[in-house]
Amino acid sequence: MARRIAAGEVIDRPASVVRELVDNAIDAKPTTITLSLENGGIDLVSVLDDGSGIAREDLPLCCESHATSKVRTLDDLYHIDTMGFRGEALYSISAVSKTTISSVTSGNDPATIVVDNGKSGEVVSGGPDKGTRVTSEGLFLEIPARRQFLKRPATETQRCKEVFLEKALAYPEITFVMTVDGSTRFVLEKADRMKRVLDVLSLDKRVVPAEMRRLTMEGGRFSLEAVCSSPALYRSDKSGIRIFVNNRPVEEFSMVQAVTYGYGEMLPGGSFPYCYLFITDDPTLVDFNIHPTKREVKIRNKAEVHHGVTTMFHEQLARTIPRLVPAAQEESLPVATGSAYPAVRQESQSVHSHSGGYHAMGPSLEEKPIDPMWFSKAREILGQEKRSAGMETDRTTDSEDVWKRQQEQADDSFIYLGQAFNLFLICQKGDDLFLVDQHAAHERILFNAIKQKRDVQPLLVPVSFEVDRDVDGYLSKNLDIYLNLGIALSRTGDCQWALESVPSLFKNIEQEVVSFIQQETGDASEVEKGLYAVVACHKAIKQGDPVDRTTAVNLLKQVFELEDPVCPHGRTFVVRLQKKELMEAVGRIV
């Protein structure tokens, strides 16, 4: 009973069996690993490798509690460089299924042992010609209460596949083969990191290989490698960002945050890249001995790695220029899933959406290159439009209407047309129609204002909060970063802090500021940018807010004075429609 209870912490479904068996196979230094499933792994999970094998005399020990060949002393726990190290996997699998281990080492005859739900058999002759095969049959067959919680075979197969592909991503030097119910599902041949990522993505996603990049960086006691999408290719969620630490897939929010910070304004707001980030850190600085699934990790130099990740993306990725084009011009281009913003165009080939209307695309050979100064030139024609507008004859007989038009045209030579969907401010400039996202635009204006106004206001009652250990160390060393921004913090105890003063513009959003401080471990520029973005976001006009004409015109004036129309989160908030494009869209000849 105790054995099965312990096994439940490690093995909860066929995917857990796959994870543990593949980890052991990787440690054997194979060239090929083959996974076989039957009935979603519920009836059978088999992992075959051509690695170094297990000695015949060691087979009886394989399924004993805490028996492992990978940790010999207590200090070895702090220098882990193998995927397995606890001696729990085979012990747990054999407690809840019929487990067969067949193996051979160089120069010896193969041998096999069967452990049926905790009952160990004798070692007998026979097995593979090379390496090891471990088979788990009838998972939870003797524990019906556990078995009934398993999903449909198709769902369990998909989860096993996801785990197997995670391992394949981390070890491109190994060939990975998966068969399901006797049929080969895929073969991932030995490759470099870039090709392995593309091969894995191609199994169920449509991406443009030319838009994938490989980035690398050395950072002292750690190194970074990323295979990621250019800013032209993105998703609407963070599921395309995967983090690996010393080749283990982990759930590490701070590193996902570092990736998004690194892309910064290169992506529209609410959009995220495809990114497979591989962090190789000194084993003495990481600890996976936290949870049986090893999905969590403690990184002692987290702040340093976080900064390195952000810097690598910021320095090695180039930004693209957005523009709108009709969808009819891009029908032959490939489509990638997950695009949330189909209304902008990039200089390089981009992600595309199935939705109609306008789409993101790259320039064809017949097109002229996009002018990166289009927004600046739009501002430069203000004077010309004002003069030309005065020469036009208004045929309306309504004197009040004539006066209103003249006032509109006097507003920096753009005509404010109104508000659409309580979100978009619409104005006309010559032959261009501009749609401006009021929330994002106001965010940018506030962002710029906040950076210049630092009036500090002490809090009558300081806001107390708790932080993680790594953030506690970061704040202790970097208090001056926040102090320079007008934020006074004091340490009141172990991992306990208090917010004592903030700039006056931060009034009423102290809790949002605290939430930001609890998560941030970047350098001064990252803190400044992230904090101002949080403040601007909460202070700005919201989607759905009605805006009067005076406010709208004033906001548009400030928008056209900006050097770059992007909000603090990186979203381009100005869309330009040309008269020619609109006329062509409805079949008129210009």
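Modeller: Helix H7 (residues 253-263) packs against helix H8 (residues 302-316) at an angle of about 30 degrees, and their axes lie 7 Å apart. Here helices (H or I, at least four residues) and strands (E, at least two) are DSSP runs numbered from the N terminus, while axes are lines fitted to C-alpha atoms, for helices over the stretch in contact, with angles running from 0 to 180 degrees between N-to-C directions. H7 is therefore roughly parallel to H8, given that angles under 35 degrees count as roughly parallel, over 145 as roughly antiparallel, 65 to 115 as roughly perpendicular and the rest as oblique. The crossing of H7 and H8 is right-handed; a crossing has this hand if the near helix is turned clockwise from the far one by less than a right angle, and is left-handed if anticlockwise. Contact (heavy atoms within 4.5 Å) involves residues of H7 including Met255, Val259 and Tyr263, and residues of H8 including Val305, Val309 and Phe313. By class, this contact has eight nonpolar residues, six polar and one charged. Ala, Val, Leu, Ile, Met, Phe, Trp, Tyr, Cys and Pro count as nonpolar, Asp, Glu, Lys and Arg as charged, and the others, Gly among them, as polar.

The model is predicted: local features need pLDDT of at least 70, side-chain atom pairs count only at pLDDT 80 or more, and totals for chains, interfaces and linings use all residues. Residues are numbered from 1 along each chain as its sequence is written, and side-chain values use heavy atoms, with hydrogens and water left out.

A second pair is formed by helix H5 (residues 153-170) and helix H6 (residues 193-201), which pack at an angle of about 160 degrees with axes 9 Å apart. H5 and H6 are therefore roughly antiparallel, and their crossing is left-handed. Leu165, Ala168, Leu169 and Ala170 of H5 meet Arg193, Arg196, Val197 and Val200 of H6. Six of these residues are nonpolar, none is polar and two are charged.

As to the cysteines, the structure holds zero disulfides, a disulfide being a pair of cysteine sulfur atoms within 2.5 Å. The sulfur of Cys62 has its closest cysteine sulfur in Cys63, at 6.2 Å, which is too far for a bond. Cys62 is buried at 12% relative accessibility, where buried means under 20% relative accessible area, exposed over 50% and partly exposed in between (1.4 Å probe, protein chains only). Cys63 is also buried, at 4%, and sits in the loop between strand E2 (44-49) and helix H3 (89-95). The C-alpha atom of Cys63 is 5.1 Å from that of Leu90, 27 residues away along the chain.
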